[in-house]
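Welcome! Take a moment to look over the sequence and the 3D view, and then we can walk through them together.

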Amino acid sequence: MVALDPASFERIVFFTGAGMSAESGVPTYRGHGGVWKQYNWEEYACQDAFDRDPEKVMEFHEVRRKSVLACPPHEGHRVIARLEMNHPGITVVTQNIDGMHQRAGSRNILELHGSLWRLRCPIHGVFEDTGETYERFRCEHCDSRLRPDIVWFGDSLDPEVIRLSVEAIARCNLFISIGTSGVVWPAAGYPEIARKNGALCIEINPEPNPMSHLYDEAVRLPAGEALPVLFSNR
Ligand code: OAD
């Protein structure tokens, strides 16, 4: 693996998935021990499930909040956050809802699938709610039930977040995908957008996946090992 000099890339996008948080102890979705192996998303992660049994869905998300809070960011998260402090052109585009990049100190983050740490009222919009358990379940203005501000199965992604992500990826010179199986759209199309701009595309993932051929280089190591080496020249 060659070490990269971030100064030679004007704009860098780190595109992260569940594998980015795996070494912190947050389970991935599809692999061994994955969230969707343990839980049926139709019971816990769609609007129908919430309409049927909101308490059950909120409890599931509280369990996830507790388990994420028990997991510390790892060196890979910190490498990205430190790079951002010295480089104005860094964007993190993440499919993760766990807030680990923020806890490590990253600030320029686009969360494609929302966040475990926000709630949404259908009328009054989005509220931060960051404790281990939810502070409230109903909107203080209109008493509507609040749901997690997460893109569940069947939900649409926020068009503004997609627009900003595509813009960042289409303009970047270095695109580093970390820990995603690459199968969920629109994220699955992102490496091609980066390639069109001639960006150097690097995949960090111990396992290959159906999108791996789109990358110039594959680093078959866990994120927490690969990132400190890849950016040891910084
Ligand atoms: P997946 O669970 O589909 O894939 C996780 C990827 O991380 C796999 O390719 C693993 O090989 C890789 N991986 C595991 N450990 C790693 C490590 N230490 N370092 C680097 N890579 C590692 O997760 P995502 O691709 O993020 O959506 O899944 C995309 C979306 O599908 C999620 O955001 C979630 C899910 O349904 C929602 O919940 C809306």
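Is Gln102 buried, partly exposed or exposed? Gln102 counts as partly exposed because its relative accessibility is 29%, where buried means under 20% relative accessible area, exposed means over 50%, and partly exposed is in between, using a 1.4 Å probe and protein chains only. Before we go on, please note that this is a predicted model, in which local features need pLDDT of at least 70 and side-chain atom pairs count only at pLDDT 80 or more, while totals for chains, interfaces and linings use all residues. Residues are numbered from 1 along each chain as its sequence is written, and side-chain values use heavy atoms, with hydrogens and water left out.

You will find Gln102 in helix α7, residues 100-104. Helices (H or I, at least four residues) and strands (E, at least two) are DSSP runs, numbered from the N terminus. Setting aside residues up to four places away in sequence, Gln102 touches Arg107, Ile109 and Glu111; contact here means heavy atoms within 4.5 Å.

Ser106 is buried, because its relative accessible area is 0%. Not counting residues up to four places away in sequence, its contacts are Ile80, Ala81, Glu84, Val92 and His101.

Now let us turn to the ligand. Which residues are closest to the ligand? They are Tyr29, Arg30, His113, Thr180 and Ser181, out of 22 residues that surround the ligand; a residue is near a molecule if one of its heavy atoms lies within 4 Å of it. Helix α1 (residues 18-22) supplies the largest share of this shell, with 3 residues.

Several polar contacts, meaning pairs of N or O atoms within 3.5 Å, can be picked out here. A polar side-chain atom of Thr180 is 2.7 Å from an oxygen atom of the ligand. Glu23 brings a polar side-chain atom to 3.1 Å from a ligand nitrogen atom, and Ala223 has a backbone N or O atom 2.9 Å from a nitrogen atom of the ligand. On its own the ligand has 800 Å² of accessible area, and the protein covers 89% of that; such areas come from the Shrake-Rupley method with a 1.4 Å probe.

His61 belongs to helix α5, residues 54-69. His61 is buried, because its relative accessible area is 2%. Apart from neighbours within four places in sequence, His61 is in contact with Tyr44, Leu116, Tyr134, Pro148, Ile150 and Trp152.

The loops deserve a visit too. Gly89 sits in the loop between α6 (75-86) and β2 (90-94), and it counts as buried because its relative accessible area is 16%. Gly89 and Glu10 are 79 residues apart in sequence, yet their C-alpha atoms are 6.0 Å apart in space. Leaving out neighbours within four places in sequence, Gly89 is in contact with Glu10, Arg11 and Ile12.

What kind of peptide bond joins Trp185 and Pro186? It is a cis peptide bond, with omega about 5°, and Pro186 lies in the loop between β7 (174-178) and α9 (190-196). Asp143, although not a glycine, has a positive phi of about 70°. Asp143 is found in the loop between β5 (125-128) and β6 (147-150).

Definitions and conventions: A polar contact is a pair of N or O atoms within 3.5 Å; within protein, one must be able to donate a hydrogen and the other to accept it, and residues adjacent in sequence count only if both atoms are side-chain atoms.
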